[in-house]
Amino acid sequence: MAKSIQLQRCDGTLIPGGYKKRRKPWNHNDFILLGMAFLSVVFLAVFAYAPLYGLVLAFKDGDGYLNILTAIQQAPWSGFANFEYFLTDPDFKSIMWNTIGLNVLQLLINFPAPIIFAILMSELLSNRFKKVVQTVTFFPHFISWVIFGGIFLSLLDFDTGIVNNLLFDLGIIKQPVDVLGEPQYFWGLIIITSILKGLGWGSIIYVAAISGIPNELYEAAKIDGANRWHKIWYITVPSIMPTVTLFFILSIAGLLNNGIEHLWVFQNANNLVRSEVLDTFIYKFGIPRWRYSYATALGLFKSVISLFLLVSGNAILKKITGKGIY
Amino acid sequence: MKLLAYLKIDTIRALVRKVLLGLAILAFVATIFFAYTSNIDIDEGSDALYATLNVLMFISIGVLVLLAAPLSYVFVLDHQAAKERAKIYRKSKLNKQVKTFDVINFTFMMLFMILCIYPIIYVLAGSFNQGRDYAAGGVLFLPRVFTFENYKVVLTNPGLWRGYGVTIARTVIGTLTALIYTSIVAYAMSRSNLKFKKVFYWINLLTMFFGGGLIPYFLIIRSVGLYDTFGVYIIPGLYSVYNMIIINSFFRTINNELHEAAMIDGANEFRIYWQIFVPLSKPVLATVALWVAIGHWNSYFDTMIFTNSQNLQTLQYFLLKAIQTATLTEGMPAEMMERLSPKTLSLAAIIISMIPVLFFFPLIRKNFQSGIMIGSLKG
């Protein structure tokens, strides 16, 4: 029941049809709601927006200051020197190669894997077995990378691990392989471990999407003489396509984030050539070595590229499918 | 009435079968366990121990034999019922033909499940094996030289218990506070009468697209005085835009008339949130709580970056150090070092730290249903 005032001319005559809505006065509930929503602003101001101010460190020469707070206040400006320093670093090429290579491989292998797994799971005949499969494959998601990595380190151990024992007994290899000590195995190791840990959990969204497809579609297709492949290709795949596109863009945005908790467990001094990525490099230089400015510059470099990837990925997808996320 | 009686008999039979089967499996496992342990080298095992193990083995064999007769009777009954059912099923429309694809699919799923489960068996076997013997390799399914010593050493390590304490504290406190904080914001954002809603919306959304990165974040943690305090585990995790959106989208499905009715009764917005919306959205809150709790339990990088003192080391960080460097054997007398190896010790530590997750996993499983529902909401 919005109250309204009739508008008048200066001489006091009424304007026909001239009504102005009067704003409802605020009551205490509006203030309560505002206070509740304001909690998010307080939090984000401190932990999301305030760090943006810290980005000025990237353009300063704050390396070597013992205290990061004095570094940001007192360090002299240095322009783009930190970025130049990184671009001319002899390790720059291999770090970028590892970051991009690992991510593209993960996108090509680990992104479609849960989709295929969900489709395979939907084709299982017994519902009970389906539940068992789900339960078992979910489990690795809930244990930490430390535990998972620890288990894998012992499985792949040079002389006691099962992998070496088995391959040696079968005669496939003549000498035990030091999987973690030799850089060429590192990428494969990362891909396989992330599939094992994430496949079941990653498929949950697609399983939900598939279970939302009305059964009548399949029945109609069956009457029309469709076989299993037809049903998968012409019904299941198109139906889950919106979900797939959404998660594809989201994974493009996270392309340069190589799950540092994952890599850190498997990284060691011997496989550094193939295992050093931007994230681990930033951590190593930034925190233990106090090279705050250098690491900040690297972080900024990374976020700019990810933002660019997000925007361009979205644009490409919009062109192909006609739909984007924004 | 007759039907009811039949049903009763059926449920009783099912119950009896379940109990019998459970007992039989238990007896079987016990038999294998005792047969196995009485025939291997037990570290510091005496003759009396072997004798008891032998007696226990015979007792479990006896139980197994005693169970055989009723079990086989139940199985025969079951088999007959299954035959009847199969007859009806074959004629019905439900009958699907099993094709090669199904066989391959089934095999693949079985193999993948084995890949998921086997590593845990391997770790269990290694953790019960004597360290020096383990170094020779080949302990793949069962321990070769059985010992509890690894567990004894790990369990007497003060670092493990401290880590456990810190991890449990941060998981419980962190999850509760994060849930309350995030859901309060989610409630406010779900109300259509919130003033400046667009402004709040954009302030939240923008943070999803960019961030300062690790070092500026570290700078903030230092300048607000959270560095090396317990608060660094709790306060930065209080709020997450992603979880807020999930809870918010559930709040929006709650009928608006409830809100209006409560308003007329004179409740204020906070009371409506706390006494109506929170109880009504238990499933979504439970699911988000689960995600947050798992995140808290498993994370170790914040310990590495934001803390310095030993008292704040979490369980996962303790484990990381135990795996990467041989911290578990530090300062140990030489004659103990001869029998132990850091490898088996870290395996025992892995098993000990996995127990809570194993314990809570059935509870997590129950949550799958709501998890799937929210998953579809997100899609």
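Residues are numbered from 1 along each chain as its sequence is written, and chains are lettered from A, with ligands numbered from 1, in the order in which they are written. Because the model is predicted, local features need pLDDT of at least 70 and side-chain atom pairs count only at pLDDT 80 or more, whereas totals for chains, interfaces and linings use all residues.

Colleague: What is the mean pLDDT of chain B?
Modeller: pLDDT is the predictor's confidence in each residue, from 0 to 100. It stays under 50 over residues 375–379 of chain B, for which the model has 14 contacts beyond four places in sequence. In chain B, 89% of the residues reach 70 or more, and the mean pLDDT is 83.

Colleague: Which ipTM does the model score?
Modeller: The model scores pTM 0.79. Its ipTM is 0.80.

Colleague: How many residues of chain A are in contact with chain B?
Modeller: Two residues are in contact if their C-beta atoms, placed from the backbone, lie within 7 Å. On that criterion, 82 residues of chain B take part, and their partners in chain A number 73.

Colleague: Which helix of chain B gives the most to the side that touches chain A?
Modeller: Helices (H or I, at least four residues) and strands (E, at least two) are DSSP runs, numbered from the N terminus. By class, this side of chain B has 53 nonpolar, 20 polar and nine charged residues. Here Ala, Val, Leu, Ile, Met, Phe, Trp, Tyr, Cys and Pro count as nonpolar, Asp, Glu, Lys and Arg as charged, and the others, Gly among them, as polar. With 14 residues, the element that gives the most is helix α3 (residues 100–127) of chain B.

Colleague: Is chain A a compact globule or more spread out?
Modeller: Chain A has 16 helices and two strands, and its C-alpha atoms fill a box of roughly 105 × 75 × 40 Å along the principal axes. The radius of gyration is taken over C-alpha atoms, and the globule rule is 2.2 Å times the number of residues to the power 0.38. For 326 residues the rule gives 20 Å, and the radius of gyration of chain A is 28 Å, well over that value, so chain A is more spread out than a compact globule.

Colleague: What percentage of the residues of chain B count as buried?
Modeller: A residue is buried if 20 or more other C-beta atoms, placed from the backbone, lie within 10 Å of its own, exposed if 12 or fewer, and partly exposed in between. In chain A, buried residues make up 32% of the 326 residues. For the 379 residues of chain B, the value is 30%.

Colleague: How far apart are the end C-alpha atoms of helix α16 of chain A?
Modeller: Helix α16 (residues 292–321) of chain A has 30 residues, and its buried residues include A:L298 and A:L310. The expected span of a helix is 1.5 Å times one less than its number of residues.

Colleague: Is B:F196 buried or exposed?
Modeller: B:F196 is found in the loop between α6 and α7 (197–206) of chain B. Its phi is near 55 degrees, a positive value in a residue other than glycine. Because B:F196 has 11 C-beta neighbours inside 10 Å, it counts as exposed.

Colleague: With which residues is B:A289 in contact, leaving aside its neighbours within four places in sequence?
Modeller: B:A289 has its place in helix α13 (residues 282–298) of chain B and is partly exposed, with 17 other C-beta atoms within 10 Å. B:V172 is 117 residues away in sequence and 9.9 Å away in space, C-alpha to C-alpha. The contacts of B:A289 are B:T175 and B:L179.
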